Amino acid sequence: MEGAPSAWAAPPSARGPFACLSRRCKEKRPLVVPAISTKVGRGILSLNLYGDFGYAFGPQGKHQYYDYITKQEVEDVGRRDFTSYPLYANQFAMAYGFVQGQYEIPNKIRFRFALHAGHIVESLYNEEPKSLQLIREAAIYYFFHPKLAVEAGILPSYYGAEIVLNKENLHATRAYIADFTPDYEAGVRLHYHVRKDMTLRVMVLNGWQEIRDANGRKGFGFVWSVFKPFKIVGDWTMYWGNEAPAGEKTPIFRHYQNLYYRIWLGKRWLIFPMFDFVMQKNNEKDKYDFVVAPAFSARLAITEKVGIAARYEYLYNKADIVPELRTNTPNGWQSHSGALTLEYLPLPQLTFRVEGRYGANKDAVFRNRANQLVKDDWYVYLGGAFHF
């Protein structure tokens, strides 16, 4: 997902670490710049670090609930529902951090290993074996030809418009649907670089956001990437897989599509339309349930160091097929949400953000300070992220 400095290995989208959101970076500057690197033999050995830390003000107080992370009934303070971050309100917390080492011989081979931690990891990797939860990436990327390469291992995912590196998104936190779309995967990916600004990918994976294959049935994926920095950058992704639990003989077929593009309108405006669609077989009713989640973000570069972004999202999941948003209520999950983000970049390696968000669901599924179920959710978030 994150590419490499060589021409054909350039990242397929602005999803990779340390991309420019507006023209505040010089256009001739590579989008991936290892800050710590040295030449070793024919290749380059590099190190990257990332950290994202913040404080969320919200209405959540003390309440008792079933924690899907620990699989126990717990009593906690400030815990927020239906999100990976901010996972807690009214306290300082680390969203995500990683350290990554890489060795690359350009246009030949790349080895990468990365470890991570944070509330996003705690939330999204809770189904994986303990020994694998700390691994962000462990992969090899080999070029058969400058236009044809294969990649294998544990990998960050192409799926979803917003990734776990919040600094690389337009907002400090992610849309509701983002925690459902795969953030990581394990398997083999074949890359065909049609040209420098377009890549096709075919994938065979252990499953939907799985390092350990939980049911013994592989998933299949397709990605079409366009990469024209400061013009248009984005992916069209698809997934097909059998998501039946282990031991379940009847297949539960899931099809997913995600389409998103960052489109630059001159030097100051960036728009970001997103669309997620899920179709899943309901064997009990002998029909297909579906999820629809359109969203739209726009960013205005006020100066080279200051920007403001706004996002609107709608999510229809009446059938409760999204595990991360399962409500067990009559109308399932049907929400509208908006976010407003002010961004300050004193240095290319450092980002500060203030964000306010409000969301409303058709049924009362959120919790307030008195532990009562309410229809609306809000927070104000102050955070900072660094990379080098």
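Leaving aside its neighbours within four places in sequence, which residues is Ile69 in contact with? They are Arg79, Leu87, Glu122, Ser123 and Asn126, where contact means heavy atoms within 4.5 Å. What you see above is a predicted model, in which local features need pLDDT of at least 70 and side-chain atom pairs count only at pLDDT 80 or more, while totals for chains, interfaces and linings use all residues. Residues are numbered from 1 along each chain as its sequence is written, and side-chain values use heavy atoms, with hydrogens and water left out.

**The whole chain**

- The chain has two helices and 21 strands; helices (H or I, at least four residues) and strands (E, at least two) are DSSP runs, numbered from the N terminus.
- Its radius of gyration is 20 Å, which agrees with the value near 21 Å that a compact globule of 388 residues would have. This radius is taken over C-alpha atoms, and the globule rule is 2.2 Å times the number of residues to the power 0.38.
- The C-alpha trace spans about 60 × 55 × 40 Å along the principal axes of the chain.
- Of the 388 residues, 56% count as buried. Buried means under 20% relative accessible area, exposed means over 50%, and partly exposed lies in between (1.4 Å probe, protein chains only).
- The accessible surface of the chain comes to about 16,600 Å², and carbon and sulfur atoms hold 63% of that surface. Such areas come from the Shrake-Rupley method with a 1.4 Å probe; for residues, only the protein chains shown count as cover.
- Among contacts in the chain with a separation of 6 or more, 58% are between residues 24 or more positions apart.

**Back to Ile69**

- Look for Ile69 in the loop between strand E3 (62–67) and strand E4 (72–77).
- Ile69 counts as buried because its relative accessibility is 16%.
- Ile69 and Tyr125 are 56 residues apart in sequence, yet their C-alpha atoms are 8.8 Å apart in space.

**Strands side by side**

- Strand E8 (residues 148–156) pairs with strand E9 (residues 184–195) in the antiparallel sense over nine bridges; two strands pair if DSSP finds at least two bridges between them. In this pairing, Ile154 stands opposite Ala186 in E9.
- E9 is also joined to strand E10 (residues 198–205), by eight bridges, and these two run antiparallel. His191 stands opposite Arg201 in E10, and the hairpin of E9 and E10 has two residues between the strands.
- Strand E12 (residues 232–242) and strand E13 (residues 253–265) run antiparallel, joined by eleven bridges. Gly234 has Tyr261 in E13 as its bridge partner.
- Ten bridges link E13 with strand E14 (residues 269–282), again antiparallel, and Tyr260 stands opposite Met274 in E14.
- The hairpin of E13 and E14 has three residues between the strands, and Gly266 in the turn has a positive phi of about 75°.

**A nonpolar patch on the surface**

- Ten residues are listed here: Phe57, Ile302, Ile308, Leu340, Leu342, Val354, Tyr358, Trp378, Val380 and Leu382 form a nonpolar patch with about 840 Å² of accessible area together.
- Patches are made of residues with over 30% relative accessible area and no salt bridge, with like charges joined within 9 Å and nonpolar side chains (Val, Leu, Ile, Met, Phe, Trp, Tyr) within 5 Å. A salt bridge is a side-chain nitrogen of Lys or Arg within 4 Å of a carboxyl oxygen of Asp or Glu.
- Strands E17 (333–347), E18 (350–361) and E21 (376–387) each supply at least two residues of the patch, and the largest share, three residues, comes from E21.
- Leu342 sits in strand E17 and is partly exposed, with a relative accessible area of 43%.
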